[in-house]
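Me: Can you walk me through this one? I'd like to start with the sheets and then go to a few side chains.

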Amino acid sequence: MDAGQDVDQDGQVDLLLGAPYSDTNVGDSGAVYLMSGPISGEISVSTASRTLVGGEVGEQAGSAIGLADLNGDGQLDYLVGAPLNSSGNYAGLLYVLNGPIDPFVLLSTADGKWAGDWANGRFGAALDASSDLDGDGLVDVVVGAPERDAGHGAAYVLTAPLDVVGSVQDAWATFHGDNLGARFGATLASQDVNQDGFADLLIGAPEHDPYNILAGAGFLTLGNIEEGTHIPSAVFHGEEDFALLGSAVAPGSQGFWLGAPGQDFASGALFLLSGL
């Protein structure tokens, strides 16, 4: 879900919803719906002002979604992750569509398509399009591939132009997980949380467990993030077995939030990384 954006510029907040198991086109091809505001009561996606549908059986388009002005033209563009797309032996795919778009769109006609580099890596399972990470004045996109390399996982920073056919091998910056099965890149968040003028990046690895069983971790890289392959600046580990820290991450006014749904016998907890 992506909320809080006025896509049609009518002064009302709109809501973008992903439905990765939708059969609108073919089985589990997935779909994305834009619900125009104001929104209240019970509403069916059949009333969506925009519908984007996957074109391939089982690709699960809509597993991750985003809205951002990627090319600086004042229009919000659409990002749709399809982590089981068959490109590259089911490496996964990111669709990029320049806005505005037609009421009904087949994702196979997208302006940009970015493919993963590892069979069954689930590239496109998570994405973030909140920040300018390379300093060119345009929003960049971070995309996760949490099952890459036997679940070590990876995250890629893709920069403009994004409306092209590309591969993560062309990514501006790359981050690789360091623990087997950790699912590094399963969650992503970016924001200038320390107010130094550079966007910072938090990458969740909810099954990271070098010290505690499935305690999870959050990997932080402070801006200015440079081009190339990176090792995160800091790692924050879960404090309990099965805490799954990093299952959800989000920026806040004081820092980054990390969710740990398995904390305290699955009661769950939220942790704030502040003072960064």
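Predicted model: local features only at pLDDT ≥ 70, side-chain atom pairs only at ≥ 80, totals over all residues.

Me: OK, what is the strand order in the five-stranded sheet?

Reply: The order is β10-β11-β12-β14-β18, in an open sheet with mixed pairing. Strands here are DSSP runs of E with at least two residues, numbered from the N terminus, and two strands pair if DSSP finds at least two bridges between them.

Me: Which strands stand at the edges?

Reply: β10 (126-131) and β18 (228-230) do; each has a single partner strand, so one side of each is left without a neighbour in the sheet. The twist averages 20 degrees from one strand to the next, with axes as lines fitted to C-alpha atoms and angles running from 0 to 180 degrees between N-to-C directions.

Me: How many bridges join β14 to β18?

Reply: Three, between strands that run parallel; β14 covers residues 173-176. In that pairing F175 stands opposite H230 in β18.

Me: And the four-stranded sheet, what's the order there?

Reply: β15-β16-β17-β19, again open, with antiparallel pairing. At its edges are β15 (187-191) and β19 (234-237). β15 pairs with β16 (residues 200-205) over five bridges in the antiparallel sense, and L188 stands opposite I203 in β16.

Me: Switching topic. Is T51 buried or exposed?

Reply: T51 is buried, with a relative accessible area of 11%. Buried means under 20% relative accessible area, exposed over 50% and partly exposed in between, using a 1.4 Å probe and protein chains only. T51 is in strand β4 (residues 50-53). Beyond its neighbours within four places in sequence, T51 is in contact (heavy atoms within 4.5 Å) with V32, Y33, P103, F104 and V105.

Me: How many aromatic pairs does the structure hold?

Reply: Two. Rings of Phe, Tyr and Trp (its six-membered ring) pair if their centres lie within 6.5 Å; planes under 30 degrees apart count as stacked, over 60 as edge-to-face and the rest as tilted. F123 and Y156 are edge-to-face, 5.9 Å centre to centre with 75 degrees between the planes, and both are buried.

Me: What about F184 and F219?

Reply: They are edge-to-face too, at 5.1 Å and 85 degrees. F184 lies in the loop between β14 and β15 and F219 in β17 (residues 217-221), so the pair ties together parts 35 residues apart in sequence. F184 is buried at 1% relative accessibility, and F219 is buried at 4%.

How values were computed
Residues numbered from 1 in each chain as written. Heavy atoms only, no water.
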